[in-house]
Amino acid sequence: MKTVHVAVAAVSRHEGGREQVLVAQRHAHQHQGGLLEFPGGKVEPGESAEAALVRELDEEVGLRVPESGLGFELSLTHDYGDRRVQLDLYRATGFSGEPQGREDQPLMWLDVATLDPGDFPAANRRMIQVLALPARTLVTGAGVTADELADRLRGWAGSQCLLRCPELDDAAYQGLASACVPVARNAGCALVLHGAQERLAAVPDANGLHLPWREARALMERPVSRAYRLGVSCHDRASLEHAQRLGADYAFLSPVRPTASHPDRPPLGWDGFEALVTGLDLPVYALGGVGGDDVAQSRRHGGCGIAGIGFWWH
């Protein structure tokens, strides 16, 4: 089956403190007619994805975007049965001109936080999930206090912080989490709790819950409402597929590289990571031996970003 290479852009602007992206509605007679889509188009032979996107944005919606204004987000392959599509997603923040549907397609600006994956072709749905997630999840080290967290979160606005304190019992964890919620909010970060679902019930002002595999494997359905972010720790394809069935918003997959904390666990490597996440409708963070600058590497291999302790805590 022939693979069609397509580059699309989440053309981004901010209104009232909210990120919005430009979307178009496909004509009824087209493949996947009536659904919404991100602007973009086919990459021609010998053309780079960035060059194709610059050309398509001008031709399709009348926007001028330099290649320097494109930030790579995600690459994925989707099999529709009658065709296979390789999709490269970029975020376009530096553009000029007013958008216009040059192919008579309706255009609209929609809030990223309220995009409904069901309104888009199936190949676009993981892109929507990825756009709503931060590129980095900051995992706390041992012995964290609310004051220390406030100090360490400076400069990490827009990230997600996972409060992981395995040394604490539930009562101590609840007290610490309650103190850390306003700290993370003031730093511009989302705070996600670690452990069983009861922890989120006790601290409902947190932004989400991350399940260790020992908790996730016993569940048959999503344990928290869609108002919260849900993550799962995974180490293989079976656990990733279970997280997807639970309706998780993201997963961790580890270890990508050798780690001092688990020297007996063989690393996946980036190719192994990519092989496990290919075909999932689930954003996956690379964890284990990764650095703060490995976001692009993760995304080139099908991940949504990176997670870890060392690159920010030490």
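Which residue's side chain meets that of D151 in a salt bridge? In this predicted model, the partner is R154, and the nitrogen-to-oxygen distance of the pair is 2.6 Å. D151 is partly exposed, with a relative accessibility of 49%, whereas R154, at 58%, counts as exposed.

**Salt bridges**

Side chains of opposite charge can pair when their charged atoms come close.

| Pair | N to O distance | Relative accessibility |
|---|---|---|
| D151 and R154 | 2.6 Å | D151 49%, R154 58% |
| R55 and E56 | 3.2 Å | R55 23%, E56 12% |
| D170 and R199 | 3.1 Å | D170 53%, R199 15% |

In the salt bridge between E56 and R55, where the closest N and O atoms are 3.2 Å apart, E56 is classed as buried because its relative accessible area of 12% falls under 20%, while R55, at 23%, counts as partly exposed.

The salt bridge between R199 and D170 has its closest N and O atoms 3.1 Å apart. R199 is buried at 15% relative accessibility, but D170 is exposed, with a relative accessible area of 53%.

Salt bridges also join residues into a network, and the members of this network are E19, E73, R91 and R299.

**The barrel and its helices**

Eight strands form a closed barrel in the order β8-β9-β10-β11-β12-β13-β14-β15, and their pairing is parallel. Within this sheet, neighbouring strands are turned against each other by 25 degrees on average, with direction ignored. Strands of a sheet pair through backbone hydrogen bonds, either parallel or antiparallel.

Four bridges join β12 to strand β11 (residues 208-211), the two running parallel, and L211 has V232 of β12 as its bridge partner. Four bridges likewise pair β12 with β13 in the parallel sense, and here V232 stands opposite A251 of β13. Between β12 and β13 the chain passes through helix α7 (residues 237-246), in a β-α-β crossover that is right-handed. Five of the six residues of β12 are buried, and the strand is accordingly described as mostly covered.

Key
Residues numbered from 1 in each chain as written. Predicted model: local features only at pLDDT ≥ 70, side-chain atom pairs only at ≥ 80, totals over all residues. Heavy atoms only, no water. Salt bridge = Lys/Arg side-chain N within 4 Å of Asp/Glu carboxyl O. Buried < 20%, exposed > 50% of the residue type's maximum accessible area, 1.4 Å probe, protein only. Pairing = 2+ DSSP bridges. Axes fitted to C-alpha atoms, helices over the stretch in contact; angles between N-to-C directions. Right-handed = clockwise from strand over helix to strand, strands pointing away.
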